[in-house]
Every structure is written in C-alpha cells, then in structure tokens.
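Please open the structure in a viewer and keep the selection tool at hand. Each stop below gives something to select and then describes it.

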Amino acid sequence: MAEIAIKGVAKRFGGFTALHQVNLAIADQEFMVLLGASGCGKTTLLRIVAGLETPSQGEVWIGGRRVDHLPPRERGIAMVFQNYAVFPHLTVFENIAFGLRMKKLPQADVERRVNRTAELMHIEQLLKRYSGQLSGGQRQRVAVARALAMEPDVILMDEPLSNLDALLRLEMRAELKGVLAASKTTTIYVTHDQVEAMSLADRIAVMHQGRIVQAASPVEVYRNPAARFVGSFIGNPPMNFIPATKAGNGSWSVAGLTLPGPKSDKQKIEFAIRPEDVDAGSEGLHATVRVIEPLGPHTLVTCDVEGGLFRAILESNASVKVGEQLRLAPKPDRVRWFDPETTNAL
Amino acid sequence: MSAVTQTPAAASADARKAGDWLLIATVILLGVWVLLPIYLLIVNALSSPEQVTAFPKRFFPAFDTGSLSFFINFAGVARALWNSVLVATLTMILSIGFGAPAGYALSRFDFPGKGTFRFLVLMTRAFPLPLLALPLAVMFIRTGLDDTAIGLALVHTTLALPFAVLITFSLFSGIPVELEEAAWTLGCTRLQAFRKVILPLALPGIAASAVFAFTISWNEVFAAAVLTIENRTLTAFLLQSLGESPLYLKFAGGAALVVPALIFIFAVRKYLFAMWGIANR
C-alpha cells in the first residue's frame, strides 16, 4: 500500500518560484502522469517526491509516512531517469543488482530477482554487456528493470521515453503500461507529450507555471478542461476559442449564432469547442475556409471565425474549397465556456 | 570583370600559402626549441664520459652507460633520489587528498563565492615562489619544518594543488549527476554513491592528476634548494653540485630528472587538455 500525498508543496529557486503550493493525492497503484510544457515545474515536483530536491515548504507523504525530511534511499521509491543513468562501469546484471546488493540480499535472491526482471524487460541476453554496448532503447530497458528489481512502493519516471525515436517510443509505451500495471506499484510519470500522457495515465495532472491546473482522468481532461490552458494544451489540434457576447439571460451570441450557455453577470465570455465536435451544415458558426489539409481518415480545415483561427476536423469526403463560406454547427453537448479573466471553465 | 573577380581569389590563395608557411615555420621553431635540448641531453647522457667532453659531437648516442653509472654511484645521488621520490609521493597524496574533494565540491555544489574560489585557486600560482621563499624559510625554521620531507612536500602541494583542483573539477563535471542520484535512489548514502559509482569512473583521471602533482614536485628546484640542506632532493642536489661537477655528470643528472617527468606527462596528457578546456571557459 503506497498512496502518495503532496500537501502544500512549494519550491523557490532564489527569486524564482518553481512550484506554488501544490496539492495532489495519488491512490495506491494509480498511474499518475504529470503533464506540462517544459519549465512548468513537473520535474521539480517529481524530484521533490524522490528526495533529490527539498521543498521550500509543504509535506510529502508516501504510504502514510511523512518522507520530506528523509533521503531518497529511505522513501521506498525507485526512479527512472530521462538519460537512463545506467552505470557505465558495471554490467547490465550488476546494474540491475545494484540496489539489491545495497539491501544486502543473499546472492541467490539477487540472481533470481535480476533474472526475473531482465526476462520481464526482454534483456536476458544482454546481462553480461556494459552500457556502452547497448542502444538507447536497451539502456532504457535496463533502467526500468533496475527500478522494478527493487520492488519499490513507488516508481518515479522522468520523461523516460523522450530520448527514444518515435517508433521505439510507441513500442516501449505499450510495454511500460503492461509491465507497470502488473507490478502493482504506484507510478508518477513526468512527460511533456500529451499522447503519452493520454495513453498511459489513470489520471493526468496538467501543470502550468508551477501549479496543477487540473488532475483528472484522460477523458475528463480532454472533454472537460478545467481551464483554458488545459483545452489549448491538450489535443492536437487544440481546442478552438471564440469570444461570446451576452444575448440574453443564459444565451450568448457566438459568430453569428445564438447558443444557450451559462448564466453570468459578465458581458463577454469565451466559447470553446474541439475541432472534431463541429459539423458542416446549413446552420452554425460563420466561417471562411483558409487552408484545407486532407489527412486521410479526415480533413483538417482551418477557417476564419470572427477574425480568429478556427480548426475543424471534417469527414474526408466533405467537399470544401478555399475561400468558401461554411456554417459549422457545434455539437451542443460538447460546447464549453470559459471566463476570460480567470480562464477557468464556467 | 573577370580580372576583378580573379585578383582577390589569387590574393587570398597567396595569403593562405603564406599563412601555411608561417604555421610550418612556427611549428618547426617550437619543435626545435623543445626537442633540441632534450635530444642533446639524451645523446650526452648515453655517451661515455670521454665522448661527452670530446669534439666534434656525435649525432647518435653511443649507448654507453658510463656517464649514467658514474652518476648513480656519485656520493649523495642515491639519497637525493630517494628524497625526491619521498617528497613527490607526499605531494601527490596531499594534493589529491585536498584537491579531489575541492574539485568534487566545485562540480556538484552551488555555493556563494564559487567563481571567486575558482579564481583564487588559480591566483595562488600568481605569486612568484622566490618572493615567498624567505618568509617561508623563516616560518619553517620556527616551526621545525625546515629540512624535512613533509615541509617541502607542503610547499610543493601549494604549487600542485590548483592543478589537482582543476583537473578533478573537470573530471567530476564530466560524470552525469544522474548517475549519483540513481545510486541514492537505489539505497546509497552520498558517501557510498561516491565510492561505488563516481570513484570507479573518476579513478583514471584522479591517477593522472596524481601523476601530474608528482611531476610538479619532481621538477621543482627553487623551494627545494632554499628549504632543504641535509635532505636535498635531486633537483636541489644537482643545482648545488653543478659548479664543481664534470659535464657528463650534469647531463646524466639532467636526463634522470627530465625523462621520468616526460614519460609521466605524456601518459596523462589527455587529462591535462581537459583541464585547460575547463579553465579557459
């Protein structure tokens, strides 16, 4: 049992605040992904959980034990680093055995656990090699095997796939998901790749400028972004935003269309919709087609709506021409509204 | 039009040619500057005493060990040689003992005054030893350190320490900090991580730095001459007996000093270049 609780953790580097009072609870065996652009504080948060960085304030609890004053070795964690950190002077076998030897396990146990994890990561045939004789993908496997062999309560991963080429990344992603689910450890996984986050996570914590903006399941984060940033960061192409003006009590005028929306005192709010949640029809948002990109399964159409860019994903047999006027009808249940001042969802 | 475009091309080709010649000439000059004395030293050291004083000189050494054996058996040489090795070894131990931790700290920790500290480390080399020698000698006599191996080793350590710090600094900087962090997460204390991960990786470079410290002490003559009387090192001994000793003894002694130093420096040259790379940054 190793649930993790991050309570009011803040980190300042000199005058720069990397983390503002972050709170996050991670359930036992949960796969939590910290997602954000570079410099958003996700790696700093991971390193604070690992004990490689001390928080300026706040508490870190792992398995009901407060650990923020403990060194990394006493926290029951294992970590996989972005550059793998495979010890170059040791064989693959000794790398995986390193932590077990530190625990002073008997030789027979060490061999059993090394062989088992090596088999799990498909590197049995590499055990006698040195890191210099391995490819990037193989090193990555060694790093994961080394962490798994520790049988930790918590595995921390810092962008473990970002140094691999695209094809290998796809393969390792699926494999990691299977292996980690089977290992029944709690996982915190840091990435800037939204596809990786969506495909791996039980829950995604989206981070922006040192804060967690939203922590929810991948579908929830995608469908119901809690803030404008989440909608614009997740999804490729991202969510479309159009200014909306008040047309009555609970109805808003958006690009020539009047839609039912939230009740608000404000005169101007923002209308938002995902590119795939519009249909070309006889009624809808007034749009002028600018660019057409056929992508195979569907066609990406970039239009002008209210003087701003609007991307729509239409069926590939939709016959549109550049310069044409379109009516894009938003699916009513997929429309979201944001407060332009706080940027939070309404 | 074509004449206009050709002329600068031709001129630049000429300039390049001239530059090439200048480079070659400089290389030859520097090569001769360094290699000629060593060549003369080796030729004469490997000749018999009669050949050394004879004229014209031989181009190739006779491989006669007469001079060298005379030098080895010369009264006091064995003792001076032993002193040199002792002082150099002590210098080596002291400079690595102090220099490696300093290099580690510089590469791994951010602390106020780090830049100043690095600068000061180099600054210690800016004080000419003759300036310090007299007060140092007085201080050594007061504390009883004069004419001892450890006393001289302390002075030599001061000379070697900046290099030890800079070489080990570049060495530790070249080892990714993640390796250490990985060791911590795998159950190591800071000390264990250093011993099990960093040290094995840094050892060749540390050895090189140690050899360099040894060589600095081995070659040093001024402090050795001022601070020792009975327990002369080889350099100080040769300096003292230079006036009255025959020519072939000087050549043999010179070779005995230069050859080990050359071999040592050649062995560790890779790490010295790394140090300059860092120091120039």
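This is a predicted model: local features need pLDDT of at least 70, side-chain atom pairs count only at pLDDT 80 or more; totals for chains, interfaces and linings use all residues.

Residues are numbered from 1 along each chain as its sequence is written, chains are lettered from A and ligands numbered from 1 in the order in which they are written, and side-chain values use heavy atoms, with hydrogens and water left out.

**Stop 1: the sheet in chain A**

Select strands E17, E16, E15 and E18 of chain A, which form an open antiparallel sheet in that order. Helices (H or I, at least four residues) and strands (E, at least two) are DSSP runs numbered from the N terminus, and two strands pair if DSSP finds at least two bridges between them. Strands E17 (308–315) and E18 (325–330) of chain A are at the edges, each with a single partner strand, so one side of each has no neighbour in the sheet. On average, neighbouring strands of this sheet are turned by 55° against each other, direction ignored; axes are lines fitted to C-alpha atoms, for helices over the stretch in contact, and angles run from 0 to 180 degrees between N-to-C directions.

Now select E15 (residues 278–294) of chain A, which pairs with E18(A) in the antiparallel sense over seven bridges. Ala287(A) is opposite Leu326(A) in E18(A).

**Stop 2: the nonpolar cores**

A nonpolar core is a set of buried Ala, Val, Leu, Ile, Met, Phe, Trp, Tyr and Cys residues joined through side-chain atoms within 4.5 Å. Buried means under 20% relative accessible area, exposed over 50%, and partly exposed in between (1.4 Å probe, protein chains only).

Select Phe87(A), Ile96(A), Phe98(A), Ile123(A) and Leu156(A): of the 126 residues in the largest nonpolar core, these touch the most other members. Helix H7 (residues 149–173) of chain B gives the most to this core, with eleven residues. A second, separate core has 25 residues, among them Ala244(A), Leu259(A), Val305(A) and Val335(A).

**Stop 3: helix H11 of chain B**

Select residues 234–241 of chain B, helix H11, where six of the eight residues are buried. The buried residues of H11(B) pack against H3 (66–73), H4 (77–108), H9, H10 and H12 (247–267) of chain B, with contact meaning heavy atoms within 4.5 Å.

**Stop 4: Val221(B)**

Last, select Val221(B), in the loop between helix H9 (190–219) and helix H10 (222–227) of chain B. Val221(B) is partly exposed, with a relative accessible area of 31%. Not counting residues up to four places away in sequence, Val221(B) touches Thr235(B), Ala236(B) and Leu239(B).
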